[in-house]
Amino acid sequence: MDKKIKSIILPDQFKYLAISFLLGIAFSTAVSSINQNILHDLFLITCLFLFVLFINHVQKNSKIAFVAAVLFSLFLGYGTSELHKNKNQYEWPYDRSGLISGQIINRPIIKETRQEMILETDSVKIDDQSIRQTGNKPKILVYLPKYPIYNYGDQVEVSGKIIKPEKFEDFNFENYLKKYPARAYIKETSSVEKTGSNTSIATLLIGSLYSFSGRIEKSLSSILPEPEASFAAGLVLGQKTNLPKYLLANLQITGTTHLIALSGYNVTIIINALVLLLSPFLNKRWLLVMGGFLVLFFIIMTGLSPSVVRAAIFSLLLIFGKTIGRKANQVNLMLLAAVAMVIFNPNLLLYDIGFQLSFAAFSGIIIISPLIDRFVLKTKLVDWPAYITKTFSETLSAQLAVMPIIVFSFKIVSLISPIANLAVLWIIPWAMFLVFIGIALSLIWLPLGKISIIVIWPVLKSIIFIINLFSRIPLASFSVQNESVYKGLSYLILAFVIIIIIRAKKKYEKII
């Protein structure tokens with residue numbers, strides 16, 4: 001390959017190509033009112049022009065070729081999103097009762113009075129007439145009574161009124177459903193009938209993982225009282241449906257909701273603890289193997305929870321980056337993971353808050369954390385053990401990175417969040433380890449699991465006590481409901497974080 005072509009695709013330039021691709025996805029996802037035919041023509045003409053420009057200037061001017069490649073990547077992202085839009089075009093007969101047959105494609109969410117599930121439809125009938133479907137099979141959110149319990153892979157026939165999702169005062173339901181992607185829901189059903197189950201190997205495997213996750217939840221309820229049992233389920237499974245409302249509110253106030261979401265942030269803390277503990281005894285290759293097995297264990301434990309799969313992808317890349325010892329490449333690996341995920345579902349980028357928080361948290365850990373480490377080391381501000389310093393820097397960096405998204409999405413600013421996280425995060429790896437031991441013992445023999453409560457309960461109780469204590473501090477957080485204010489504040493925080501990164505990079509030379 002020509003040297004000039006190689007210079008364009010070096011790792012240092014890859015980040016710009018990946019970011020421009022993601023920006024193209026974001027533009028296409030956000031813009032829907034412009035005449036689509038004009039956009040398609042503009043996209044094709046521009047891509048062709050940029051490709052010719054790229055080829056023509058590779059030999060003459062690599063800078064012009066690189067600019068052309070970045071713009072080409074931008075339009076390629078736009079085209080990818082438009083392709084998915086065309087595949088998922090389907091006009092639902094809103095405000096009409098229909099008979100819908102389909103397969104459950106997620107683990108049903110069990111709440112106090114109902115189940116929530118996504119159906120991938122096989123047929124839609126209105127007044128006994130089939131509605132023609134184009135592109136992919138359309139998906140719809142369905143609310144069913146709590147009993148009987150339905151499972152992933154079940155094929156059901158549901159009758160009910162098809163409703164268009166709306167934007168409520170504090171929640172954009174339409175955007176929330178786009179991540180599946182779904183564009184309709186059924187709130188009340190007049191009839192439900194299970195017609196069969198998908199017996200493919202992949203469906204049976206995923207279904208068995210979900211069943212295993214359900215068994216773990218039951219074992220936790222058997223060996224722990226509330227709210228510790230629900231908190232433990234959130235800690236190791238990412239399940240938070242049974243948590244008391246006061247505890248959920250206190251988690252939001254203290255900025256510690258991520259603890260019971262099993263985000264990439266938690267998984268990273270656990271992996272880093274493992275690396276620090278085992279690094280004196282194992283070489284880098286075995287550390288990578290151990291980290292990989294731990295991530296795989298998390299995936300199995302949670303039954304392929306989407307948030308955990310995202311966290312697993314980012315975590316594996318982070319482990320790989322740390323193992324090979326090339327900090328700069330971690331940014332590229334993270335961007336590569338993000339690009340790979342949004343290629344399959346472009347709506348993740350703008351409409352999946354879990355994806356955004358995972359991506360932002362890892363960005364903070366990879367980009368900001370080394371800056372804080374260097375600052376602490378150079379100024380000798382504190383003389384903490386390596387594990388405490390690492391936890392401090394990664395906690396603070398992740399909090400800074402996710403703060404703009406939290407303010408923008410949840411309209412809440414937690415002033416106590418960094419301190420509250422520092423107070424509890426050092427306990428989390430030990431709490432998760434003890435909960436895993438308790439689960440294993442209870443699955444082997446329930447009385448053994450009940451004995452383990454002697455050690456597990458005080459640890460979980462301490463974490464909840466600290467969270468409740470910090471939530472009572474005056475002015476621990478405040479809510480911002482005015483749209484102009486919370487948007488402006490989130491942009492201001494984002495600009496502040498970017499300025500910190502730029503200034504710190506200049507001051508401490510090559511850090512990332």
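Let's start with a pair of helices: α16 passes α19 in a right-handed crossing. Keep in mind that this is a predicted model.

**How the two helices pack**
- Helix α16 covers residues 417–425, and it packs against α19 at an angle of about 165°, with the two axes 10 Å apart.
- Angles over 145 degrees count as roughly antiparallel, so α16 is roughly antiparallel to α19.

- Ile444, Trp445, Leu448, Ile451, Ile454 and Val455 make up a nonpolar surface patch of about 650 Å².
- Two elements, α18 (446–451) and α19 (453–471), each give two or more residues to that patch.
- Trp445, one of the patch residues, sits in the loop between α17 (428–444) and α18.
- With a relative accessible area of 52%, Trp445 is exposed, because the cut-off for exposed is over 50%.

**Cis peptide bonds**
- Tyr180 and Pro181 are joined by a cis peptide bond, with omega at about -10°.
- You'll find Pro181 in the loop between α5 (173–178) and β7 (185–186).
- Glu226 and Pro227 are also linked by a cis peptide bond, and here omega is about 5°.
- Pro227 belongs to the loop between α6 (201–223) and α7 (228–237).

**A positive phi**
- Asp95 isn't a glycine, yet its phi is positive, at about 60°.
- Look for Asp95 in the loop that runs between α4 (62–87) and β1 (96–104).
- Asp95 counts as exposed, since its relative accessibility is 55%.

How values were computed. Residues are numbered from 1 along each chain as its sequence is written. This is a predicted model: local features need pLDDT of at least 70, side-chain atom pairs count only at pLDDT 80 or more; totals for chains, interfaces and linings use all residues. Side-chain values use heavy atoms; hydrogens and water are left out. Patches are made of residues with over 30% relative accessible area and no salt bridge: like charges are joined within 9 Å, nonpolar side chains (Val, Leu, Ile, Met, Phe, Trp, Tyr) within 5 Å. Accessible areas come from the Shrake-Rupley method with a 1.4 Å probe; for residues, only the protein chains shown count as cover. A salt bridge is a side-chain nitrogen of Lys or Arg within 4 Å of a carboxyl oxygen of Asp or Glu. Helices (H or I, at least four residues) and strands (E, at least two) are DSSP runs, numbered from the N terminus. Buried means under 20% relative accessible area, exposed over 50%, partly exposed in between (1.4 Å probe, protein chains only). Axes are lines fitted to C-alpha atoms, for helices over the stretch in contact, and angles run from 0 to 180 degrees between N-to-C directions. Angles under 35 degrees count as roughly parallel, over 145 as roughly antiparallel, 65 to 115 as roughly perpendicular and the rest as oblique. A crossing is left-handed if the near helix is turned anticlockwise from the far one by less than a right angle, and right-handed if clockwise.
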